[in-house]
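Trainee: Please take me through this model one item at a time. I would like each answer to show how it is reached.

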Amino acid sequence: MSQTSFEIQQAAVIGAGTMGRGIVMCLANAGVSVQWVDNNPQMLEQALMAVAETYAHNVRQGRIDQAEADTRIARVSAAADYATIRNVDLVIEAVYENLELKQKIFRELDGLLKPEALLASNTSALDIDAIAAATRRPAQVLGLHFFSPAHIMKLLEIVRGAQTSPAALEAALALGKRMGKVSVVSGNCHGFIGNRMLHPYVLEARKMLLEGAYPQQVDAALQGFGFAMGPFRMYDVVGIDLEWRARELAGKGQDAPEVQIDNRLCEMGRFGQKSGNGYYHYEPGSRQAEHDPEVDALVLRVSEELGFQRRDIGPEEILERCLLALVNEGAKILQEGIAGSAHDIDLVYLNGYGFPADKGGPMAWADHQGLADIHQRLLALETRQGDQWKPARLIGELAAQGRGFADR
(Lines give C-alpha, C1' and ligand atoms only; values in the text may rest on other atoms or scores of the structure.)
Protein backbone atom coordinates (compact mmCIF):
# COMPACT_ATOMS: atom_id res chain seq x y z
CA MET A 1 0.00 0.00 0.00
CA SER A 2 1.96 3.01 -1.21
CA GLN A 3 1.26 6.46 0.17
CA THR A 4 -0.05 7.83 -3.09
CA SER A 5 -2.13 4.93 -4.36
CA PHE A 6 -4.60 4.48 -1.53
CA GLU A 7 -7.60 6.68 -2.05
CA ILE A 8 -10.81 6.12 -0.15
CA GLN A 9 -13.62 5.61 -2.69
CA GLN A 10 -16.03 3.49 -0.66
CA ALA A 11 -16.64 3.64 3.05
CA ALA A 12 -18.94 2.07 5.61
CA VAL A 13 -20.25 3.55 8.84
CA ILE A 14 -21.27 1.37 11.80
CA GLY A 15 -23.94 2.96 14.00
CA ALA A 16 -26.97 5.08 13.09
CA GLY A 17 -27.00 7.37 16.12
CA THR A 18 -26.39 11.14 16.04
CA MET A 19 -22.66 10.80 15.34
CA GLY A 20 -23.17 8.13 12.69
CA ARG A 21 -25.65 10.37 10.85
CA GLY A 22 -23.28 13.32 10.79
CA ILE A 23 -20.33 11.18 9.64
CA VAL A 24 -22.39 9.62 6.83
CA MET A 25 -23.22 13.12 5.56
CA CYS A 26 -19.57 14.23 5.78
CA LEU A 27 -18.58 11.29 3.57
CA ALA A 28 -21.46 11.66 1.10
CA ASN A 29 -20.79 15.41 0.79
CA ALA A 30 -17.16 14.61 -0.07
CA GLY A 31 -18.16 12.27 -2.91
CA VAL A 32 -17.57 9.00 -1.06
CA SER A 33 -20.17 6.26 -1.39
CA VAL A 34 -21.28 5.02 2.03
CA GLN A 35 -22.77 1.75 3.20
CA TRP A 36 -24.49 2.09 6.54
CA VAL A 37 -24.86 -0.66 9.13
CA ASP A 38 -26.80 -0.73 12.39
CA ASN A 39 -28.07 -3.81 14.23
CA ASN A 40 -31.43 -2.06 14.69
CA PRO A 41 -33.21 -1.86 11.29
CA GLN A 42 -35.80 0.69 12.54
CA MET A 43 -33.04 2.97 13.80
CA LEU A 44 -31.27 2.77 10.43
CA GLU A 45 -34.52 3.51 8.60
CA GLN A 46 -35.11 6.60 10.77
CA ALA A 47 -31.50 7.71 10.28
CA LEU A 48 -31.79 7.47 6.48
CA MET A 49 -34.95 9.60 6.66
CA ALA A 50 -33.21 12.12 8.91
CA VAL A 51 -30.32 12.46 6.43
CA ALA A 52 -32.76 12.96 3.54
CA GLU A 53 -34.58 15.61 5.59
CA THR A 54 -31.31 17.44 6.34
CA TYR A 55 -30.53 17.60 2.62
CA ALA A 56 -34.09 18.77 1.86
CA HIS A 57 -33.61 21.52 4.47
CA ASN A 58 -30.33 22.54 2.79
CA VAL A 59 -32.16 22.79 -0.54
CA ARG A 60 -34.90 24.95 1.04
CA GLN A 61 -32.22 27.24 2.44
CA GLY A 62 -30.55 27.52 -0.94
CA ARG A 63 -27.27 25.95 0.22
CA ILE A 64 -27.38 23.20 -2.40
CA ASP A 65 -29.69 22.53 -5.35
CA GLN A 66 -32.04 19.55 -5.69
CA ALA A 67 -29.75 17.72 -8.13
CA GLU A 68 -26.85 17.92 -5.65
CA ALA A 69 -29.12 16.73 -2.80
CA ASP A 70 -30.25 13.76 -4.94
CA THR A 71 -26.64 12.89 -5.80
CA ARG A 72 -25.60 12.95 -2.15
CA ILE A 73 -28.55 10.83 -1.02
CA ALA A 74 -27.81 8.32 -3.80
CA ARG A 75 -24.32 7.80 -2.34
CA VAL A 76 -25.79 6.43 0.90
CA SER A 77 -27.24 2.93 1.20
CA ALA A 78 -28.31 0.64 4.03
CA ALA A 79 -26.23 -2.53 4.42
CA ALA A 80 -27.78 -5.64 5.98
CA ASP A 81 -24.65 -6.89 7.74
CA TYR A 82 -20.84 -6.80 7.88
CA ALA A 83 -20.49 -9.32 5.03
CA THR A 84 -22.18 -6.78 2.71
CA ILE A 85 -19.46 -4.20 3.33
CA ARG A 86 -16.44 -6.48 2.81
CA ASN A 87 -15.11 -4.49 -0.21
CA VAL A 88 -14.99 -0.99 1.28
CA ASP A 89 -11.72 0.96 1.69
CA LEU A 90 -12.57 2.35 5.12
CA VAL A 91 -14.94 1.53 7.98
CA ILE A 92 -15.74 4.17 10.60
CA GLU A 93 -17.24 2.76 13.78
CA ALA A 94 -19.55 5.18 15.62
CA VAL A 95 -21.19 3.14 18.38
CA TYR A 96 -21.36 4.22 22.03
CA GLU A 97 -18.23 4.49 24.20
CA ASN A 98 -17.62 0.93 25.31
CA LEU A 99 -14.19 -0.62 24.73
CA GLU A 100 -15.33 -4.28 24.70
CA LEU A 101 -18.05 -3.52 22.14
CA LYS A 102 -15.63 -1.64 19.88
CA GLN A 103 -13.05 -4.46 20.13
CA LYS A 104 -15.72 -7.02 19.22
CA ILE A 105 -16.75 -4.99 16.13
CA PHE A 106 -13.13 -4.50 15.03
CA ARG A 107 -12.35 -8.21 15.50
CA GLU A 108 -15.30 -9.18 13.28
CA LEU A 109 -14.52 -6.58 10.62
CA ASP A 110 -10.84 -7.56 10.54
CA GLY A 111 -11.83 -11.09 9.56
CA LEU A 112 -14.01 -9.90 6.66
CA LEU A 113 -12.47 -6.82 5.07
CA LYS A 114 -9.88 -6.78 2.28
CA PRO A 115 -6.33 -6.64 3.69
CA GLU A 116 -5.64 -3.01 2.71
CA ALA A 117 -8.84 -1.56 4.20
CA LEU A 118 -8.58 0.97 7.04
CA LEU A 119 -10.47 0.60 10.31
CA ALA A 120 -11.29 3.79 12.22
CA SER A 121 -13.05 4.48 15.51
CA ASN A 122 -14.93 7.69 16.29
CA THR A 123 -14.15 7.28 20.00
CA SER A 124 -13.70 10.56 21.88
CA ALA A 125 -11.43 9.17 24.60
CA LEU A 126 -10.80 5.39 24.46
CA ASP A 127 -7.45 3.71 23.86
CA ILE A 128 -6.87 3.31 20.10
CA ASP A 129 -4.07 0.78 20.72
CA ALA A 130 -6.42 -1.41 22.78
CA ILE A 131 -8.94 -1.27 19.90
CA ALA A 132 -6.21 -2.02 17.31
CA ALA A 133 -5.00 -4.98 19.41
CA ALA A 134 -8.28 -6.80 18.63
CA THR A 135 -7.19 -6.96 14.95
CA ARG A 136 -4.37 -8.46 12.89
CA ARG A 137 -3.94 -5.12 11.08
CA PRO A 138 -2.91 -2.59 13.78
CA ALA A 139 -1.02 -0.59 11.11
CA GLN A 140 -4.38 0.23 9.49
CA VAL A 141 -6.28 1.17 12.63
CA LEU A 142 -6.67 4.78 13.76
CA GLY A 143 -9.07 7.17 15.45
CA LEU A 144 -11.22 9.59 13.46
CA HIS A 145 -12.78 11.70 16.20
CA PHE A 146 -15.53 13.85 14.67
CA PHE A 147 -17.20 16.60 16.69
CA SER A 148 -20.95 16.87 17.03
CA PRO A 149 -22.83 17.78 14.86
CA ALA A 150 -20.28 16.09 12.59
CA HIS A 151 -21.58 17.47 9.28
CA ILE A 152 -21.25 21.05 10.63
CA MET A 153 -18.28 21.08 13.02
CA LYS A 154 -14.97 21.68 11.24
CA LEU A 155 -12.62 19.79 13.55
CA LEU A 156 -11.39 16.24 12.98
CA GLU A 157 -8.92 14.70 15.43
CA ILE A 158 -6.98 11.97 13.62
CA VAL A 159 -5.56 9.69 16.32
CA ARG A 160 -2.46 7.66 15.49
CA GLY A 161 -1.96 4.47 17.42
CA ALA A 162 1.51 3.14 18.27
CA GLN A 163 1.46 1.04 15.08
CA THR A 164 -0.61 3.19 12.69
CA SER A 165 1.31 3.32 9.40
CA PRO A 166 2.34 6.60 7.71
CA ALA A 167 0.27 5.51 4.69
CA ALA A 168 -2.88 5.08 6.79
CA LEU A 169 -2.30 8.52 8.31
CA GLU A 170 -1.81 10.05 4.83
CA ALA A 171 -5.06 8.47 3.60
CA ALA A 172 -6.94 9.83 6.64
CA LEU A 173 -5.48 13.33 6.18
CA ALA A 174 -6.42 13.29 2.48
CA LEU A 175 -9.97 12.25 3.40
CA GLY A 176 -10.15 15.01 6.03
CA LYS A 177 -9.19 17.52 3.36
CA ARG A 178 -11.85 16.19 0.95
CA MET A 179 -14.46 16.54 3.70
CA GLY A 180 -13.40 20.16 4.26
CA LYS A 181 -12.23 19.45 7.81
CA VAL A 182 -9.53 21.09 9.88
CA SER A 183 -7.60 17.89 10.62
CA VAL A 184 -5.21 17.64 13.56
CA VAL A 185 -3.11 14.54 14.24
CA SER A 186 -3.04 13.47 17.89
CA GLY A 187 -1.12 10.77 19.70
CA ASN A 188 -3.00 8.16 21.70
CA CYS A 189 -3.85 9.07 25.31
CA HIS A 190 -7.08 9.32 27.28
CA GLY A 191 -9.17 12.09 25.68
CA PHE A 192 -6.58 12.83 22.95
CA ILE A 193 -5.92 16.60 22.67
CA GLY A 194 -9.30 18.29 23.05
CA ASN A 195 -11.08 16.23 25.70
CA ARG A 196 -7.92 15.66 27.71
CA MET A 197 -7.52 19.45 28.07
CA LEU A 198 -11.23 19.92 28.64
CA HIS A 199 -11.11 17.72 31.74
CA PRO A 200 -9.05 20.02 34.04
CA TYR A 201 -10.82 23.10 32.62
CA VAL A 202 -14.25 21.73 33.54
CA LEU A 203 -12.95 20.39 36.85
CA GLU A 204 -11.98 23.93 37.90
CA ALA A 205 -15.41 25.25 36.86
CA ARG A 206 -17.12 22.55 38.93
CA LYS A 207 -14.88 23.14 41.96
CA MET A 208 -15.71 26.85 41.87
CA LEU A 209 -19.43 26.03 42.14
CA LEU A 210 -18.68 24.25 45.41
CA GLU A 211 -16.42 27.06 46.64
CA GLY A 212 -18.85 29.90 46.07
CA ALA A 213 -19.66 30.60 42.40
CA TYR A 214 -22.90 29.88 40.50
CA PRO A 215 -23.22 28.37 36.98
CA GLN A 216 -24.35 31.63 35.40
CA GLN A 217 -21.36 33.53 36.90
CA VAL A 218 -18.82 31.01 35.59
CA ASP A 219 -20.37 30.99 32.12
CA ALA A 220 -20.66 34.79 32.03
CA ALA A 221 -16.94 35.20 32.82
CA LEU A 222 -15.83 32.78 30.09
CA GLN A 223 -18.33 34.11 27.54
CA GLY A 224 -17.10 37.60 28.42
CA PHE A 225 -13.57 36.42 27.55
CA GLY A 226 -14.97 35.37 24.17
CA PHE A 227 -15.82 31.65 24.46
CA ALA A 228 -18.84 30.62 22.35
CA MET A 229 -20.35 29.25 25.56
CA GLY A 230 -19.28 28.60 29.13
CA PRO A 231 -18.85 25.06 30.51
CA PHE A 232 -22.31 24.75 32.08
CA ARG A 233 -24.14 25.92 28.96
CA MET A 234 -21.94 23.49 27.04
CA TYR A 235 -23.02 20.63 29.33
CA ASP A 236 -26.67 21.56 28.81
CA VAL A 237 -26.18 21.39 25.03
CA VAL A 238 -24.26 18.09 25.09
CA GLY A 239 -26.43 16.50 27.81
CA ILE A 240 -25.42 16.39 31.48
CA ASP A 241 -26.49 12.74 31.63
CA LEU A 242 -23.78 11.46 29.25
CA GLU A 243 -20.98 11.62 31.83
CA TRP A 244 -23.37 10.63 34.63
CA ARG A 245 -24.32 7.42 32.76
CA ALA A 246 -20.67 6.78 31.87
CA ARG A 247 -19.73 7.01 35.57
CA GLU A 248 -22.57 4.60 36.44
CA LEU A 249 -21.39 2.13 33.77
CA ALA A 250 -17.75 2.37 34.87
CA GLY A 251 -18.83 1.94 38.48
CA LYS A 252 -16.45 4.70 39.54
CA GLY A 253 -16.26 8.47 39.93
CA GLN A 254 -19.80 8.98 41.26
CA ASP A 255 -18.56 9.89 44.75
CA ALA A 256 -16.21 12.75 43.77
CA PRO A 257 -17.41 16.01 45.39
CA GLU A 258 -17.20 17.98 42.13
CA VAL A 259 -19.76 15.79 40.31
CA GLN A 260 -22.40 15.89 43.06
CA ILE A 261 -24.26 18.84 41.52
CA ASP A 262 -24.36 17.04 38.14
CA ASN A 263 -25.57 13.87 39.86
CA ARG A 264 -28.35 15.73 41.66
CA LEU A 265 -29.49 17.45 38.43
CA CYS A 266 -29.60 14.09 36.62
CA GLU A 267 -31.53 12.43 39.45
CA MET A 268 -34.10 15.22 39.03
CA GLY A 269 -34.31 14.43 35.29
CA ARG A 270 -32.59 17.74 34.43
CA PHE A 271 -30.41 16.47 31.58
CA GLY A 272 -29.98 19.80 29.79
CA GLN A 273 -31.52 21.44 26.75
CA LYS A 274 -33.12 18.20 25.51
CA SER A 275 -35.23 17.82 28.68
CA GLY A 276 -36.10 21.52 29.02
CA ASN A 277 -34.04 21.89 32.21
CA GLY A 278 -30.38 21.43 33.14
CA TYR A 279 -28.10 24.01 34.69
CA TYR A 280 -30.54 26.43 33.01
CA HIS A 281 -34.23 26.43 32.11
CA TYR A 282 -35.43 26.24 28.48
CA GLU A 283 -38.92 27.15 27.32
CA PRO A 284 -40.56 24.52 25.03
CA GLY A 285 -38.98 24.69 21.57
CA SER A 286 -36.41 27.27 22.70
CA ARG A 287 -32.62 26.96 22.99
CA GLN A 288 -32.37 30.13 25.04
CA ALA A 289 -30.66 29.34 28.36
CA GLU A 290 -32.59 31.08 31.15
CA HIS A 291 -31.27 31.58 34.68
CA ASP A 292 -32.98 29.19 37.12
CA PRO A 293 -32.95 30.16 40.84
CA GLU A 294 -33.77 26.53 41.68
CA VAL A 295 -30.31 25.51 40.40
CA ASP A 296 -28.61 28.22 42.49
CA ALA A 297 -30.43 26.87 45.56
CA LEU A 298 -29.29 23.34 44.68
CA VAL A 299 -25.65 24.50 44.26
CA LEU A 300 -25.80 26.23 47.65
CA ARG A 301 -27.36 23.18 49.32
CA VAL A 302 -24.90 20.63 47.86
CA SER A 303 -21.81 22.72 48.66
CA GLU A 304 -22.98 23.25 52.26
CA GLU A 305 -23.79 19.53 52.69
CA LEU A 306 -20.24 18.77 51.54
CA GLY A 307 -18.89 21.15 54.17
CA PHE A 308 -17.63 23.96 51.93
CA GLN A 309 -17.33 27.50 53.32
CA ARG A 310 -18.65 29.54 50.40
CA ARG A 311 -16.91 32.77 49.42
CA ASP A 312 -17.22 35.37 46.67
CA ILE A 313 -15.49 34.30 43.46
CA GLY A 314 -14.98 37.04 40.88
CA PRO A 315 -14.63 36.79 37.09
CA GLU A 316 -10.82 37.26 37.32
CA GLU A 317 -10.42 34.09 39.40
CA ILE A 318 -12.79 32.15 37.14
CA LEU A 319 -10.74 33.08 34.06
CA GLU A 320 -7.41 32.51 35.79
CA ARG A 321 -8.24 29.00 36.94
CA CYS A 322 -10.05 27.81 33.81
CA LEU A 323 -7.53 29.22 31.32
CA LEU A 324 -4.41 28.18 33.21
CA ALA A 325 -5.82 24.66 33.63
CA LEU A 326 -6.13 24.48 29.82
CA VAL A 327 -2.63 25.87 29.18
CA ASN A 328 -0.88 23.65 31.74
CA GLU A 329 -2.50 20.49 30.33
CA GLY A 330 -1.68 21.68 26.79
CA ALA A 331 1.98 22.01 27.80
CA LYS A 332 1.96 18.42 29.13
CA ILE A 333 0.45 17.22 25.84
CA LEU A 334 3.27 18.98 23.98
CA GLN A 335 6.06 17.65 26.18
CA GLU A 336 4.68 14.10 25.79
CA GLY A 337 4.59 14.45 21.99
CA ILE A 338 0.81 13.86 21.85
CA ALA A 339 0.44 17.04 19.75
CA GLY A 340 2.91 17.95 17.03
CA SER A 341 2.90 21.66 17.82
CA ALA A 342 1.28 24.36 19.94
CA HIS A 343 -0.47 25.49 16.75
CA ASP A 344 -2.16 22.07 16.45
CA ILE A 345 -3.52 22.44 20.00
CA ASP A 346 -4.81 25.91 19.15
CA LEU A 347 -6.51 24.57 16.00
CA VAL A 348 -8.33 22.00 18.13
CA TYR A 349 -9.54 24.66 20.58
CA LEU A 350 -10.51 27.20 17.92
CA ASN A 351 -12.41 24.69 15.75
CA GLY A 352 -13.90 22.27 18.26
CA TYR A 353 -14.27 24.02 21.60
CA GLY A 354 -15.35 27.60 20.88
CA PHE A 355 -12.14 29.30 22.05
CA PRO A 356 -12.23 32.98 20.97
CA ALA A 357 -10.67 33.34 17.51
CA ASP A 358 -9.17 36.76 18.28
CA LYS A 359 -7.09 35.21 21.10
CA GLY A 360 -5.57 32.65 18.71
CA GLY A 361 -6.11 29.59 20.93
CA PRO A 362 -4.99 28.73 24.48
CA MET A 363 -1.29 28.28 23.66
CA ALA A 364 -1.09 31.48 21.58
CA TRP A 365 -2.88 33.30 24.42
CA ALA A 366 -0.28 31.97 26.90
CA ASP A 367 2.59 33.04 24.62
CA HIS A 368 1.06 36.51 24.47
CA GLN A 369 0.98 36.66 28.28
CA GLY A 370 4.63 35.54 28.38
CA LEU A 371 5.51 32.09 29.71
CA ALA A 372 7.53 33.53 32.60
CA ASP A 373 4.33 35.23 33.76
CA ILE A 374 2.25 32.04 33.22
CA HIS A 375 4.88 30.08 35.19
CA GLN A 376 4.65 32.46 38.15
CA ARG A 377 0.84 32.40 38.12
CA LEU A 378 0.81 28.58 38.14
CA LEU A 379 3.28 28.53 41.05
CA ALA A 380 1.02 30.94 42.97
CA LEU A 381 -1.98 28.62 42.37
CA GLU A 382 0.11 25.61 43.43
CA THR A 383 0.95 27.37 46.73
CA ARG A 384 -2.72 28.25 47.35
CA GLN A 385 -4.44 25.13 46.05
CA GLY A 386 -2.04 22.24 45.85
CA ASP A 387 -0.14 19.86 43.59
CA GLN A 388 -2.57 19.76 40.67
CA TRP A 389 -1.26 23.23 39.72
CA LYS A 390 2.40 22.18 39.53
CA PRO A 391 3.58 23.83 36.27
CA ALA A 392 4.37 21.48 33.37
CA ARG A 393 8.14 21.02 33.00
CA LEU A 394 8.02 22.52 29.50
CA ILE A 395 6.63 25.84 30.78
CA GLY A 396 9.53 26.26 33.21
CA GLU A 397 12.09 25.35 30.52
CA LEU A 398 10.70 27.73 27.89
CA ALA A 399 10.21 30.53 30.45
CA ALA A 400 13.85 30.21 31.53
CA GLN A 401 14.96 30.57 27.89
CA GLY A 402 12.64 33.51 27.25
CA ARG A 403 10.82 31.47 24.58
CA GLY A 404 7.20 30.63 23.89
CA PHE A 405 5.31 27.49 22.87
CA ALA A 406 5.39 28.69 19.25
CA ASP A 407 9.22 28.72 19.27
CA ARG A 408 9.51 25.00 19.94
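**Salt bridges, a loop and a helix pair**

Trainee: What is the relative accessible area of D373?

Mentor: D373 is classed as partly exposed. Buried means under 20% relative accessible area and exposed means over 50%, with partly exposed in between (1.4 Å probe, protein chains only). D373 falls in the middle class because its relative accessible area is 34%.

Trainee: What should I know about the model and its numbering before going on?

Mentor: This is a predicted model, in which local features need pLDDT of at least 70 and side-chain atom pairs count only at pLDDT 80 or more, while totals for chains, interfaces and linings use all residues. Residues are numbered from 1 along each chain as its sequence is written, and side-chain values use heavy atoms, with hydrogens and water left out.

Trainee: Which residue forms a salt bridge with D373?

Mentor: A salt bridge here is a side-chain nitrogen of Lys or Arg within 4 Å of a carboxyl oxygen of Asp or Glu. The partner of D373 has its closest N and O atoms 2.8 Å apart from it, and the two lie four residues apart in helix 16 (residues 371-385), about one turn of the helix. Helices are DSSP runs of H or I with at least four residues, strands are runs of E with at least two, and they are numbered from the N terminus.

Trainee: How far apart are the closest N and O atoms of K104 and E108?

Mentor: K104 and E108 both lie in helix 4 (residues 99-112), four residues apart, about one turn of the helix. K104 is partly exposed at 46%, and E108 is partly exposed at 37%. They form a salt bridge with a closest N to O distance of 3.2 Å.

Trainee: Which backbone oxygen does the side chain of T135 reach?

Mentor: T135 sits in the loop between helix 5 (128-132) and strand 6 (141-146), and it is buried because its relative accessibility is 9%. Contact means heavy atoms within 4.5 Å; leaving aside neighbours within four places in sequence, T135 is in contact with F106, D110, L119 and V141. At 2.8 Å, the T135 side chain reaches the backbone oxygen of A132.

Trainee: Where is F192, and is it buried or exposed?

Mentor: F192 has phi near 55 degrees, a positive value in a residue other than glycine. Its place is the loop between strand 8 (182-186) and helix 7 (194-211). At 0% relative accessibility, F192 counts as buried.

Trainee: What is the omega of the peptide bond from S148 to P149?

Mentor: P149 lies in the loop between strand 6 and strand 7 (155-160). The bond from S148 to P149 is cis, with omega near -5 degrees.

Trainee: At what angle do helix 8 and helix 13 pack?

Mentor: Two packed helices are described by the angle between their axes and the distance between the axes. Axes are lines fitted to C-alpha atoms, for helices over the stretch in contact, and angles run from 0 to 180 degrees between N-to-C directions. Angles under 35 degrees count as roughly parallel, over 145 as roughly antiparallel, 65 to 115 as roughly perpendicular and the rest as oblique, so helix 8 and helix 13 are roughly perpendicular. For helix 8 (residues 215-225) and helix 13 (residues 315-335), the axes are 9 Å apart and the angle is about 75 degrees.

Trainee: How far apart are the C-alpha atoms of P315 and A221?

Mentor: Q217, V218, A221, L222 and F225 in helix 8 meet P315, I318, L319, C322 and L323 in helix 13. P315 is partly exposed at 46% relative accessibility. P315 and A221 are 94 residues apart along the chain, and their C-alpha atoms are separated by 5.1 Å.

Technical notes:
Polar contact = N/O pair within 3.5 Å; in protein donor to acceptor, adjacent residues only side chain to side chain.
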